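Hi everyone, thanks for coming. Please have the sequence and the 3D view open while I talk.

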Amino acid sequence: MTGISTQTRLPNKEIKKINRTINRVYAPVKPVSYILSDHQQKLSSQKLKEISDNIRRYYAPTIPLETNQIKLMSINPGQIYVHWHFNQFQLENRIRNQPATVLHLKVTATDLTSEKEDQITLYQSSISHPQASQTIQIPKGIPHSQLEASLEIYSAETETDQETIVKSNPTIIPLVNQLEHDVTTFSDLKSKQDSALETSAQLMYPDTDSARPQFKPSSDGSIHFSASYDSGYGKSDRK
Amino acid sequence: MNNKSAILSIVLHAHLPYVRHPEYEHFHEESWLFEAISESYIPLIDVLERLQTSRFKLSLSLSPTLIAMLKDELLQQRYRIYLNQRISLAEKEIWRNRNNKSLQKLSRLYYRFFQHTAQRFEHYQGNLINAFKQLQQNNVLELLTSSATHSYLPLINVNDTAVYNQIKIGLDYFESVFNFRPKGYWLPECGYFQGLENLLAHEGIEYFYTDAHALREASCTPKHDIYAAIKCENGVNVFARDPQLCELIWGGEGYPAHPVYREFHHDIGFELDRDYLNGYILEDQSRVFTGIKYHQISESDPKQHYEPRQAMRQVQHDVNDFIHQLEQKTEQIKQTMDDQAIITLAFDAELFGHWWFEGPQWLEQLILQTENHTAFEINSNQHYLNKNPALQTGTPAPSSWGKAGYSDYWLNQENDWIYPFLHKAGDEMEKLCKDLTGITVTDLQHRATNQAMRSLLLAQASDWPFMMKSGKNSQYAEKRISDHLARFNYLHEGIRQNKLDENYLLALELMDNIFPELDFKQLKQP
């Protein structure tokens, strides 16, 4: 059976036993496995809250240091959002061997209107934080394209050993990007790529990459929120 | 029946985030559901029942989270308590206003309103799904649904399975409740990205809704603007809402803003002495909406008392105006279009009744007065497709119905910090499912993996980033994301390290009891 059982009740004696176990096991370290024989029990509200609080306390969302992750999202026709997490241990290891190591964030675009699958670099910049996020302005006039972001690492001294660490999911930018601005061909853009790259720092928005905020759990749940649910119904900013 | 020039499709999208807190004896946010039941869902059901002999069809999208809450026995029981409190408060108000005829009349109105609501609720054995089933069977409703927890799909489309799981689990759940799979689909917040239609087609969806610019900026130039559907290359059809007509109802200066209509924000819960309200506001004496509101929107200071008859006269006036606007629009469309046109109006269902108290009456009068109209009929998008199968082919543009038309409302400086955590959990869930596929898992691991999926789905709801951006209930939204991701982490780690605590798992199953038949082994990405 994999469904949810709700038809059971936990005796008080059992609750006390669990309480003792939780107090012993859960403070101040993470819980370890323990098995109760008669577990198909319904738990009281108080017990549920206790478990919920314990889980929140010990399992608050984090991103492990060894994660290599980069994700790309389209905000609107003129902006994309990238967040990345570079493996801390891998970076430290590399810096030990090659102190001049540089981390690079790169965004490329593939022209979906061309059969040649031409690709240009829309944005590239060294990044100072191995874990951060950034909003990037998309240059005007990009044809219907699929964007992809990647993290690269290389030595600034030799500019060799360039290695792509991780690539993001692809994202297609809205067509209005093409309609709103002067339409440029992909090859035009390609020829302008070098100068575009020189000014890529100016495309950063609002400034340099910002370290990603830590997860910020709020109140302990005892707070109630008096406002009626407002999903924006009837509000002009919704539409 | 002859083809009329246009089909007017009215689509109501009913959705609330999953607000069910068995870990508390009382939890205020559950009243979001209770207010919507009293003020929107039951009044709309009443209207549709009264109109069952009329020729029309509305489309109603019920989000899976709302379906689950309407079916939930704990919430049904708590709603009964909530409703009894309202009846008792209205009675108390009748006595308090004994020397003020105008107010006492309104107190009596609320007393009757809550009594009627209780009676209607019990008529359906406390389960409004029964009412929606009945209305669908009687052919006045075309039922649709949405993604599992109303996730804004363009922003979780960063790995291979997150969007698919939201779509499939939502549709499977709808089917388990209503015994059929809908053909139409409501994209949460009309959020569309290119390629989404392939996942929808895989799950049997034949059409979905977008905002106007999705069609106007589509890969083809739409011949008939937004007044015909376009067909994606895979055969799925796309409709767009008419922003101009919707604005008449939903805009800041729309019909609901008329001074004689009932004012939403002036509620006795914020106006009378706390001592008097004891038992009807929160235990910590925080003020809350009681649903008893005595004033008009009127600009006068102090605001005038609400006059139901005056409001009903205004409803009639607004219906006439709307029909006039529709006639003009239909005439305008006819000049450039020989085929039958489709005019799609889409709203949150809770606008009718909850935010706009007179909204259900407006809808009722609109349906009654257009029943025999020569130029248009109120019917569903499915009906339009049956009669107009030959459509232009194209791909809509990425878009939403949020402010500015894209993803700005769900991704900005107020809420962007949630995405690295959501995406990481999405990747981990995907990998976990892959790792567990084809191998024997214990019953406990199986249950825990299903529960981890529930936790992830609940964390992905579009409501949380929306609240963070709007600044309303943002603390609650942060707590919900934090809780669901922590629960996911606990389960993920427990499964990976084979250190699951069965009582903890049971507790999580009891708290997040949505999608009881969810089975991660059945989720096979196309």
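Let's start in chain B, where Arg262(B) places its charged end over the ring of Phe357(B), 3.9 Å from the ring centre. A charge sits over a ring when NZ of Lys or CZ of Arg is within 6 Å of the ring centre and within 35 degrees of the ring normal. Lys293(B) does this too: its charged end sits over the ring of Phe264(B), 4.1 Å from the centre.

A quick word on the background. This is a predicted model, where local features need pLDDT of at least 70, side-chain atom pairs count only at pLDDT 80 or more, and totals for chains, interfaces and linings use all residues. Residues are numbered from 1 along each chain as its sequence is written, chains are lettered from A and ligands numbered from 1 in the order in which they are written, and side-chain values use heavy atoms, with hydrogens and water left out.

Tyr173(B) is in helix α6 and Phe515(B) in the segment after α18, 342 residues apart. Helices (H or I, at least four residues) and strands (E, at least two) are DSSP runs, numbered from the N terminus. Both Tyr173(B) and Phe515(B) are buried, that is, under 20% relative accessible area, where exposed is over 50% and partly exposed in between (1.4 Å probe, protein chains only).

Why is the pair of Tyr192(B) and Phe208(B) called stacked? Their centres are 5.6 Å apart and their planes are at 20°, so the pair is stacked. Tyr192(B) lies in the loop between β4 and α7, Phe208(B) in strand β5, 16 residues apart. Tyr192(B) and Phe208(B) are both buried.

Finally, please look at chain A. Its secondary structure comes to seven helices and nine strands. Of its 239 residues, 51% are buried. Among contacts in chain A (heavy atoms within 4.5 Å) with a separation of 6 or more, 68% come from residues 24 or more positions apart.

Definitions and conventions: Phe/Tyr/Trp six-rings, centres within 6.5 Å; stacked < 30°, edge-to-face > 60°.
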